[in-house]
Amino acid sequence: MTAAFDPELVRKFGKIASQEYRALGINTALSPQIDLSTEPRWSRFGGSFGEHSGLSAELAEAYCDGFQTSEGEKEIEDGWGYDSVNAMVKHWPGGGAVEGGRDAHFPCGKYSVYPGNNFEEHLIPFTEGAFKLKGKTKMASAVMPYYTIIYGQPGGENVGCSYSKYLVQDLLRGTCNYDGVVCTDWSITADEGPLDSMYSGKCWGVEHLSEPERCYKVIMAGVDQFGGLNEKENVLKAYEIGVKEHGEAFMKQRFQDSARRLLKNIFRTGLFENPYLVPEESARLVGCPEYMQEGFEAQLKSVVMLKNRNQVLPLKEKD
């Protein structure tokens, strides 16, 4: 989609994909990945919109707007409705500057560095794209911080992004005035395993803390949801830590703030009124010939020809 240089193509993709998502019972997309890929060795370069901050912002806006906007009888209110899918933009504040191009799923890639001192430019796809939608939903409804430690940047604490009060509470919620859901990347509160595996825990910068203490630090940083954490025990222990430090009224309010954000994303997509699907309608819609053709035409638009040697194009009819 980036190679087509066409935001409206991306917006159309969002509209079609969101209908297929909803037909399959999915109401949140863990996308788009809008990291600026300023480190060409980064293994996730191919999942991004490239290294240009302006283009990435335009495509991020179109992607989120297409996914989140419902129209006509499908709209409930403010652009949200039964065709809407919550877009969870990632990875705040931009993960495309991982040291050496390594992968932050592994301990060897736990640091993000900015040798060109261009940290602020990595924010542009968020601040000028995902948070400034042209449609009525206005901004992406969820954000996922990255695994990495943003080394030596403002805030003064070298911890993974979801643990950083500066990155989540001060910069995202404060400076950027963002009040949507913030969800951690997967398994950040678990211990690192004996092997360098992407499926083990990724508690970068807080390895010395217990799992309940890690959960508490994430909550106090302003995060609402734990990606990949399916057990409640450590979250409840984190609540008790907070009660001891701040009192029960404070912690109850803190949990209610997150509950409000999470429930809002359920209510405005219509799941409270009707969480059910019609299987026959799903089968008719998902992968239908019309949408398959749109996908094929999008791939054609993305082809970039570097040299038209001997006038290969336009193709001539064979005799």
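This is a predicted model: local features need pLDDT of at least 70, side-chain atom pairs count only at pLDDT 80 or more; totals for chains, interfaces and linings use all residues.
I begin with the helix pairs. Two packed helices are described by the angle between their axes and the distance between the axes. For helix α1, residues 7-23, and helix α2, residues 53-68, the axes come within 7 Å and cross at roughly 30°. Angles under 35 degrees count as roughly parallel, so α1 is roughly parallel to α2. Their crossing is right-handed. On the α1 side, the residues in contact include Val-10, Phe-13, Ala-17 and Tyr-21; on the α2 side, they include Leu-59, Ala-62, Tyr-63 and Phe-67. By class, this contact of α1 with α2 comprises nine nonpolar, three polar and five charged residues.

The second pair is helix α5, residues 211-221, with helix α6, residues 233-246. Here the axes lie 8 Å apart, and the packing angle is about 65°, which means that α5 is roughly perpendicular to α6. The crossing of α5 and α6 is right-handed. Among the residues in contact are Cys-215, Tyr-216, Ile-219 and Met-220 of α5, together with Val-235, Ala-238 and Ile-241 of α6. The contact of α5 with α6 has eight nonpolar, three polar and four charged residues.

How many cavities of 30 Å³ or more does a search of the whole structure find? The search finds one. The largest cavity holds about 40 Å³ of space. Its lining is formed by Tyr-146, Tyr-147, Gly-160, Cys-161, Ser-162, Tyr-163, Ile-188, Lys-202 and Trp-204.

Notes:
Residues are numbered from 1 along each chain as its sequence is written. Side-chain values use heavy atoms; hydrogens and water are left out. Axes are lines fitted to C-alpha atoms, for helices over the stretch in contact, and angles run from 0 to 180 degrees between N-to-C directions. Helices (H or I, at least four residues) and strands (E, at least two) are DSSP runs, numbered from the N terminus. Angles under 35 degrees count as roughly parallel, over 145 as roughly antiparallel, 65 to 115 as roughly perpendicular and the rest as oblique. A crossing is left-handed if the near helix is turned anticlockwise from the far one by less than a right angle, and right-handed if clockwise. Contact means heavy atoms within 4.5 Å. Ala, Val, Leu, Ile, Met, Phe, Trp, Tyr, Cys and Pro count as nonpolar, Asp, Glu, Lys and Arg as charged, and the others, Gly among them, as polar. On a 1 Å grid over the protein atoms alone, a cavity is a set of points where a 1.4 Å probe fits but cannot get out, and a pocket is an open set with protein on both sides within 12 Å along at least five of seven lines; lining residues have an atom within 4 Å of a point. Grid points are joined across faces, edges and corners, and a volume is the space filled by probe spheres set on the points.
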